[in-house]
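Okay, thanks for coming, everyone. Let me put the structure up, and then I'll walk you through the parts I've been looking at.

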Amino acid sequence: MTYKIDKSQNLFDRAQEFIPGGVNSPVRAFKGVGGTPIFFERGEGSCLFDADGNRYIDYVGSWGPMIMGHARGDVIEAVKARLDQGLSFGAPTEIEIDMAQTVCGIMPGMDMVRMVNSGTEATMSAIRLARGFTGRDKLVKFEGCYHGHADSLLVKAGSGALTLGVPSSPGVPAGAANDTITLDYNDIDDVKACFAEQGDKIACIIVEAVAGNMNCIPPSKEFLQGLRDVCDQYGAVLIFDEVMTGFRVSLTGAQGYYDVQPDLTTLGKVIGGGLPVGAFGGKREIMEYLAPIGPVYQAGTLSGNPLAMAAGLAMMKSVQQPGLYEQLTTRVEQLCTGMQAAADKHCIPFTTNSAGSMFGFFFTEAKKVSNFAQVCECDQEAFKAFFHGMLEHGVYLAPSAFEAGFMSAAHSENDINETIAAADAVFAHMSSA
Ligand code: PMP
């Protein structure tokens, strides 16, 4: 049967009439790879089904949240059980305490946590808190890292901003970007030099503890530990943006995986089980700087929403099952090893990165990709051909060479084998083209 996406095309035509670019978040529009974005109808386990009835093995997982697979029974049931009690009160509920206690119990560097509604809100709030706490304005981030779309963070950003060629967005006033210093990921000497010059003005370093928005770039241990040491030396706040990596690269996030503790951590994605949830938390003395007990203001009408908490808590319970992260890591290793062998067989220059259940594929002669410049040197055209080939063979990858891939607990060995067989066919086609 030939691959058809007529219904997706019709839906995309209709969507573009009323939604800018036809999508509610830019990368979804396939600008990075060309072609028509797929409109989905439902997800089940490791798979997504589109409007035309095509089935795909999904390695996007809603960009991270669906670590246990789609439409997972216990998460859905938890939401259903909560539904009849009402959707929002804008007042405290017990389930918020259960959530906070669970998250603080798991995350090594977290004494207290506040819930918000997205990763963007989490990072924006954490930065305001770090600035209020230190009384300093400047922040350090790294090129190719994405921390949501708050003004001061849309400077040399990754993810969609990078895919669409606007890493520093128009509309961000110079004033909001002036205090943002952007350095090279995995280059601790760059960080030390910057602090030697202006360390007394820097409020915080924010870093993706495994970069997942310029494809997948794990940190060197020296880099993360070096950031910790520099912040200690200069009295700056170290923020690990674990929106993507939290409960993802390990149960205890990247901070547990690499054994380096930040002062503040931002969370999102997995913590909401697929509903809109973010969180930021950390050391008590910093968190107590937040209103209503402290002077730094931060708020949210729907923050701690009971339905979202129910989904998130059910997800938090299920990720604590023994052996989960070992299984995810094994599946990622199987996938990366198989993909590498298939690429080698067809003489396609290719390499992979991974950390826990996150992975990245790179079309490059380089044996190792460990910074932004190396990611940019990869063959974008080869990625596009690969992406579309995989799509036609029933594998849904992120539609951009600047995004990480995500494994879920629902991915079976069969899924991995099917994916590698698809890649074998696609690579064969690419090498003969
Ligand atoms: N930080 C990181 C590391 C992210 O990956 C993302 C989203 N991909 C965000 C922040 C922003 O989260 P959201 O899209 O929920 O606003």
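So, which residues in α4 are buried? Going along the helix, we have Gly-119, Glu-121, Ala-122, Thr-123, Met-124, Ser-125, Ala-126, Ile-127, Leu-129, Ala-130, Phe-133 and Thr-134. That makes twelve of the 16 residues, so α4 is largely enclosed by the rest of the structure. Before I go on: this is a predicted model, so please keep that in mind throughout.

At 1.5 Å a residue, its 16 residues should span 22 Å, and the end C-alpha atoms are 23 Å apart, which agrees.

Now, the ligand. There are 17 residues around it, and the closest are Ser-118, Gly-119, Thr-120, Gly-148 and Val-243. Helix α4, residues 119-134, gives the most to that shell, with three residues. What classes of residue make up the shell? Eleven are polar, four are nonpolar and two are charged.

Okay, zooming out to domains. As for how they meet, 32 residues of domain 1 are in contact with 33 residues of domain 2. On the domain 1 side, β11 (351-355), β12 (358-362) and α13 (372-376) each supply at least two of the touching residues. β12 gives the most to that side, with four residues. By class, the domain 1 side has 18 nonpolar residues, twelve polar ones and two charged ones.

Last stop, the largest nonpolar core. It has 130 residues, and the ones touching the most other members are Ala-130, Cys-204, Ile-205, Leu-227, Val-237, Ile-239 and Ala-279. You'll remember Ala-130 from the list of buried residues in α4. Which helix gives the most to this core? That would be α11, residues 306-318, with nine residues. And why does the core lie between the two domains? Because domain 1 and domain 2 both give residues to it.

Leaving out anything up to four places away in sequence, Ile-205 touches Val-140, Leu-227, Cys-231, Ala-236, Leu-238 and Ile-239. Two of those, Leu-227 and Ile-239, are also on the list of core residues that touch the most other members.

That's it from me.

Technical notes: Residues numbered from 1 in each chain as written. Predicted model: local features only at pLDDT ≥ 70, side-chain atom pairs only at ≥ 80, totals over all residues. Near = placed C-beta within 6 Å. Nonpolar A, V, L, I, M, F, W, Y, C, P; charged D, E, K, R; others polar. Contact = placed C-beta atoms within 7 Å. Core = buried A, V, L, I, M, F, W, Y, C linked by C-beta atoms within 7 Å. Buried ≥ 20, exposed ≤ 12 C-beta atoms within 10 Å, placed from the backbone. Domains from an automatic or database assignment. Expected span 1.5 Å × (residues − 1).
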